[in-house]
Amino acid sequence: MGTRSEEFLAQARSDFEVFRRLAVLPRDEIAGCHPMHYLQMAIEEFCKALKYRDDDGTIHLHSMVDTPNNVLRNKDCLKALGYGWKWKAYCARLTHIMAVLRGVECLHPSVAQPTDAAPNLEYPWALPPSSGDWTAPSRHAAFDRDPVLGPSCLATSFVERLMDRFCQLP
Amino acid sequence: MPNYKRTVRKLARWHSTEHAAKDLVIYSYDDPEEKVIRLLEVSRVFPGEQNEDVWSMDFGASPEVPFQSRVALASRKQWRAISRGDLTLPKGWEGAAPREVYHGGNTQ
């Protein structure tokens with residue numbers, strides 16, 4: 001047992017490990033939505049660990065993109081993570097990484113699917129709405145091709161680094 | 001039948017676009033059986049001390065990359081330690097020689 005923040009971090013790490021284990025399986029055995037779902041949960045839990053570490057009752061933090069600039073866009077963060085980027089290059093890479101991770105976060109049902117009409121990682125959707133033409137996430141081929149399951153390993157390794165260096169983050 | 005070396009080049013190209021570090025070098029540890037793509041990406045911007053293990057992020061075969069792929073990021077310090085034999089590669093990478101497939105803007 002630990003603090004609320006520590007336990008959210010433990011859950012984030014555990015979910016990230018499941019992401020890793022599912023990601024390595026062929027996409028025709030395990031659909032892309034499943035590892036992506038665990039990555040999405042790991043990101044959310046990491047953000048909550050950060051929120052509860054610093055919570056003064058005012059932070060509204062559900063996603064990486066909402067992470068306060070004083071944490072990630074901070075030279076001390078760059079130093080804590082150990083990347084050798086110059087500050088300007090770090091900011092540019094951070095923008096890219098956030099865009100990739102935001103793409104995953106936007107596939108949360110509450111964000112993506114207010115009208116049952118948008119792809120998300122958990123529930124079938126009908127597109128166009130009321131068309132009767134439904135698709136399950138596990139049958140949505142675009143998830144199998146998502147960059148986060150391959151080409152964007154910079155973003156996923158960044159998430160893992162954030163969790164590893166959590167205690168050193170500003 | 002997907003072409004192994006062409007897919008290695010494709011993946012290296014994607015990753016070099018993403019990182020855009022001027023000093024990025026990507027090595028392929030080719031699998032003689034052409035079942036697994038293993039890329040080691042080296043740049044001074046990646047974190048990692050010379051005694052810090054290099055780990056890989058592994059991905060299953062997909063429509064875009066029809067081979068299992070493993071990608072590891074290493075700092076220059078780690079790369080020098082690997083070259084000296086002081087640091088081991090991720091498990092399963094042993095026995096293959098590195099083949100440079102990307103060097104600072106050029107896909108080989």
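Student: What share of the 108 residues in chain B is buried?
Tutor: Buried residues account for 44% of the 108 in chain B. Buried means 20 or more other C-beta atoms lie within 10 Å of the residue's own, with C-beta atoms placed from the backbone; 12 or fewer is exposed, and in between is partly exposed. This is a predicted model, where local features need pLDDT of at least 70, side-chain atom pairs count only at pLDDT 80 or more, and totals for chains, interfaces and linings use all residues. Residues are numbered from 1 along each chain as its sequence is written, while chains are lettered from A and ligands numbered from 1 in the order in which they are written.

Student: OK, how many helices and strands are in chain B?
Tutor: Chain B has 2 helices and 6 strands, and along the sequence they go α-β-β-β-β-α-β-β. These are DSSP runs numbered from the N terminus: helices are H or I, at least four residues, and strands are E, at least two.

Student: Which residues of strand S3 in chain B are buried?
Tutor: S3 is residues 56-59, and both faces are covered: B:Ser56 and B:Asp58 are buried on one side, B:Met57 and B:Phe59 on the other.

Student: Why two sides?
Tutor: Because side chains in a regular strand alternate between the two faces of the sheet.

Student: And what is the bridge partner of B:Met57 in S4(B)?
Tutor: That's B:Val71. S3(B) and S4 (residues 68-74) run antiparallel, joined by 4 bridges; strands pair if DSSP finds at least two bridges between them.
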